[in-house]
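This briefing covers charged side-chain contacts. Please look at the model first, then read the notes below.

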Amino acid sequence: MRKPRDYDAELKALEDKARELKTRKVQQLGELVIATGADALTAEELAGALVALAETKDAGKREAWAKRGAAFFQGRARRSTPAPDRDTGGAQTQPGSAQPASGGTGAA
């Protein structure tokens, strides 16, 4: 005879995994807000910008934003590796992101 499946345990495991993934997504979104410097905006400004982005149907604008976002991530990857030429750029980014990161960590 086969052992019966414990559907309740499997469902609970899936719910736990879904909760963990949602928590990670929220954390990563917060880290992105800090990394982009958007944490300097008020909550109302940030929410307004996100609502405008979500409501935008213009494919050209969305594509331009996507390219700009990709360039942001590529620039971060290059900056985190060897960046002797970008030392001043990194110095400007670090103080701005270091202060909110400590504030964000305490808030989380």
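**Salt bridges and their exposure**

K12 is partly exposed, at 48% relative accessibility. Partly exposed lies between buried (under 20% relative accessible area) and exposed (over 50%), with a 1.4 Å probe and protein chains only. The model is predicted: local features need pLDDT of at least 70, side-chain atom pairs count only at pLDDT 80 or more, and totals for chains, interfaces and linings use all residues. Residues are numbered from 1 along each chain as its sequence is written, and side-chain values use heavy atoms, leaving out hydrogens and water.

**Rule and count**
- A salt bridge is a side-chain nitrogen of Lys or Arg within 4 Å of a carboxyl oxygen of Asp or Glu.
- By this rule there are four salt bridges.
- Side chains of opposite charge can pair when their charged atoms come close.

**The network at D16**
- K12, D16 and R19 are linked in a network of salt bridges.
- D16 pairs with K12 at 3.2 Å, N to O.
- D16 also pairs with R19, at 2.9 Å, N to O.
- D16 and K12 sit four residues apart in helix α1 (residues 7–36), about one helical turn.
- D16 and R19 are three residues apart in helix α1, again about one turn.
- Helices are DSSP runs (H or I, at least four residues), numbered from the N terminus.
- D16 is partly exposed, at 30% relative accessibility.

**The E10–R5 pair**
- E10 and R5 form a salt bridge of 2.7 Å, N to O.
- E10 is partly exposed, with a relative accessible area of 33%.
- R5 is exposed, with a relative accessible area of 53%.

Note on methods:
Helices (H or I, at least four residues) and strands (E, at least two) are DSSP runs, numbered from the N terminus.
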